[in-house]
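Here are my notes on this one, in the order I'd go through them with the viewer open. Have a look at the model, then read on.

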Amino acid sequence: MPTKRWSEFFLYLGRVFILLILLAVLLPKLMAVCNIWMSSFLHNEQKPIGNPLRVEAPERSKSVFQWFQLAPKE
């Protein structure tokens, strides 16, 4: 059974701490980039098509069954 030296153990601990520090530094930046990308992606889908100042009435249902009488247009 081979014995390990203390220097190998401390080098291993050093590598682990360096990786943890990199993760603590880079993970928030990665999350910020993903947040900006997702918000721009969702913002592009919410943009209106056509003239945004035009007010359109919602389309009425053309189903066979009508539960409520629709008001006639004037």
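How many aromatic pairs does the count come to? Keep in mind that this is a predicted model.

1. **Aromatic pairs.** The count comes to three aromatic pairs. One of them is Trp-6 with Phe-9: the ring centres sit 5.8 Å apart and the planes make an angle of 85°, so this pair goes down as edge-to-face. The cut-off at work there is that planes over 60 degrees apart count as edge-to-face. Ring pairs also bring in Phe-10, giving a cluster of Trp-6, Phe-9 and Phe-10.

2. **Where that pair sits.** Both Trp-6 and Phe-9 belong to helix H1, which covers residues 6–46. They are three residues apart, or about one turn of the helix.

3. Phe-9 comes out at 40%, so it counts as partly exposed.

4. **Overall fold and burial.** Of the 74 residues in the protein, 0% are buried, where buried would mean under 20% relative accessible area. The protein exposes about 8,500 Å², and carbon and sulfur atoms supply 68% of that.

5. **Nonpolar patch.** Which residues make the nonpolar surface patch? They are Tyr-12, Val-16, Phe-17, Leu-20, Leu-23, Leu-27, Leu-30 and Met-31, and the patch comes to about 800 Å². Take Leu-30 as one member to click on: this residue is found in helix H1. Its relative accessible area is 49%, so Leu-30 is classed as partly exposed, since exposed needs over 50%.

Note on methods. Residues are numbered from 1 along each chain as its sequence is written. This is a predicted model: local features need pLDDT of at least 70, side-chain atom pairs count only at pLDDT 80 or more; totals for chains, interfaces and linings use all residues. Side-chain values use heavy atoms; hydrogens and water are left out. Rings of Phe, Tyr and Trp (its six-membered ring) pair if their centres lie within 6.5 Å; planes under 30 degrees apart count as stacked, over 60 as edge-to-face and the rest as tilted. Helices (H or I, at least four residues) and strands (E, at least two) are DSSP runs, numbered from the N terminus. Buried means under 20% relative accessible area, exposed over 50%, partly exposed in between (1.4 Å probe, protein chains only). Accessible areas come from the Shrake-Rupley method with a 1.4 Å probe; for residues, only the protein chains shown count as cover. Patches are made of residues with over 30% relative accessible area and no salt bridge: like charges are joined within 9 Å, nonpolar side chains (Val, Leu, Ile, Met, Phe, Trp, Tyr) within 5 Å. A salt bridge is a side-chain nitrogen of Lys or Arg within 4 Å of a carboxyl oxygen of Asp or Glu.
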